[in-house]
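Keep it brief, and give the cut-offs.

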Amino acid sequence: MEQAPKEVSAIGGGDNGNDDYMDDGSTAIPMEPTTSSSGGGGGGVDGISSGNGNGNGNGGKVVSHFLLEEDFESKKRFTSTHKRIFYIFTSLAILITVVLLIVFLLPRGWQGPKKKTNIIMMIGDGMGPASLTMARVCFHTKGESTSQAHLYLDPFIVGTVKTYSSNSVVTDSAAAATAYASGVKTYNNAVGVDPNVKPVGTIIEAAKKLGLKTGLVVTTRISDATPACYFAHSATRHDEAFIIDQLLEKEIDVILGGGKQYFSNKTLQDAVSSKYNYSYVENKQDMEQVESGRILGLFADYNIPWEIDRLRDPVLLSTKPSLQEMTTKALDLISQNNDNGFFLMVEGSKIDVAAHINDAPTQIWETDAFDQTFNLVREWAEKDGNTIVIVTADHETGGLTLANQMVIDGNPLYSWSPEKLLAVNKSADVMAELIKNGADPRKLIFDNTGYDISATDLQEITRTNKTFYLNQVIGRIVSNYADIGFTTGGHTGEDVNLYTFGDTISEEKFETRLKDHQTEDADNYVDPILRGNINNIDIASFIIKTLNLDIQSVTDSLKDFIPKP
């Protein structure tokens, strides 16, 4: 019986005499690409075909197909365009995969690491616009026209602040500081309480609860109205020992100022105990030696000496720190291990005290020291990158007038003398004490001011020689000599300047608020803006919102506290 022919592969030419059969009868696979035929006629030209023995190669069956070398030469598998497309689609696929992983694998409500924020609040107590102008002209003209002079503060002015209290159009420092520290309008003399004498939480208390560091730097007493309102609660500002009794439990990291007389021995002993762990210092040298941890610095029994006197007394200069030096130390310590941010309040406290005694020559030195301190704070904040600086005053003091006309004679006065202010080299406080101790008033004042007082001036000094307000009499006499006037020994109700650095409020947001007349509201803003004419409580609202503080929970925790000794 005739056996059907098997399909074979052969090198073309039509001769099947070189059959490729294996010993087991299977067909061998050729090692090289070739045409294929089982018969003699191979009809394929430059191609691959399979014959069935009819010799024409048409209709044959393909047995195997290998890429020829010329296939690679005629058409590359991947051109540069193909590669670019491939890389783009691969990158997109990876990006989409990462996004999907973030969306579906992270817990709901997850938030990334919180960016820490520091806020430095600087208060020039009693620093009205005229005080700033007077210091600018005295210290920054330097032979040039006044139009070329400027304070370090000047470029950063953003608005003004309304200062009235809940019971008066003229506030005192306690009501104003409670507004800044708690966002609550209250009555004059109130420390950290509302008009119903109920304690209200403060920024420092809420910041500490959230894990932020806190600090206070002042040139009067730590128990004075402004610093007290950030940590204490008292029906009246005058209970300073009671106010200090509340200090240590607030665990404020940096406390620098005066007022040692209001600290009991027990309080000072507790401060350095392992419970509170403060480094306690009383002079500049010891302060500079503290390199880490908490610090309590009390540099005077009452207020730190005047800058005009400190700079001219070698002993004071070497032992009593300036506002700049205290602030430098505060920033150094409070920024260490600063994981959550901090709140620091720095007060130029004695701008106000100088105005109370109508002592313009002394006030310009306090204002200049405050301006210099702002400059170092701004430079520090600029380098840090996470710090907002807010500068304002709690109120104006003294009703300061630049060009005071003592005699009304129909000829208005259009001048005042910065040179005469700069010639003074002692504060009215120091001169008053020397006169009380027997110094000749006329000689003393002439030697320290260049002013030969009149008979009327001498009569007024003699009349008040034994009174506590002799310093104000001397202050007003010397100020009038430079054509500087004061209308009061108290406060006035005018608005005060507002400065910021590091605040990123957008122009668009402000313009929208302005258009809707929301900048004129007296109440708290939901989203307060530190620009334009604002209310003092809006500064507290801004800080509370920016630091994400929970003031209300602190207020709730104080509901049983009695703000009286």
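Helix 12 buries L323, Q324, M326, T327, K329, A330, L331, L333 and I334. Buried means under 20% relative accessible area, with exposed over 50% and partly exposed in between (1.4 Å probe, protein chains only). Nine of the twelve residues of helix 12 are buried, so the helix is largely enclosed by the rest of the structure. From first C-alpha to last, helix 12 reaches 16 Å, close to the 16 Å expected at 1.5 Å a residue. That expected span is 1.5 Å times one less than the number of residues. Helices (H or I, at least four residues) and strands (E, at least two) are DSSP runs, numbered from the N terminus.

The model is predicted: local features need pLDDT of at least 70, side-chain atom pairs count only at pLDDT 80 or more, and totals for chains, interfaces and linings use all residues. Residues are numbered from 1 along each chain as its sequence is written, and side-chain values use heavy atoms, with hydrogens and water left out.

The largest nonpolar core has 90 residues, and M121, Y230, F343, I390, I539 and I543 touch the most other members. Helix 12 gives the most to this core, with six residues. Such a core is a set of buried Ala, Val, Leu, Ile, Met, Phe, Trp, Tyr and Cys residues joined through side-chain atoms within 4.5 Å. Beyond its neighbours within four places in sequence, F343 has contacts (heavy atoms within 4.5 Å) that include I119, M121, Y230, I334 and I543. A second, separate core of 34 residues includes L400, L421, A428 and I477.

On a 1 Å grid over the protein atoms alone, a cavity is a set of points where a 1.4 Å probe fits but cannot get out; a pocket is an open set with protein on both sides within 12 Å along at least five of seven lines; lining residues have an atom within 4 Å of a point. A volume is the space filled by probe spheres set on the points, which are joined across faces, edges and corners. There are three cavities of 30 Å³ or more.

| Space | Volume | Lining | Nearest the centre |
|---|---|---|---|
| Largest cavity | About 110 Å³ | 16 residues | T219, E307, L323, E366 and A369 |
| Largest pocket | About 670 Å³ | 30 residues | R221, Y302, N303, V353 and D429 |

Helix 14 gives the most to the cavity lining, with three residues. For the pocket lining, helix 16 gives the most, with five residues.
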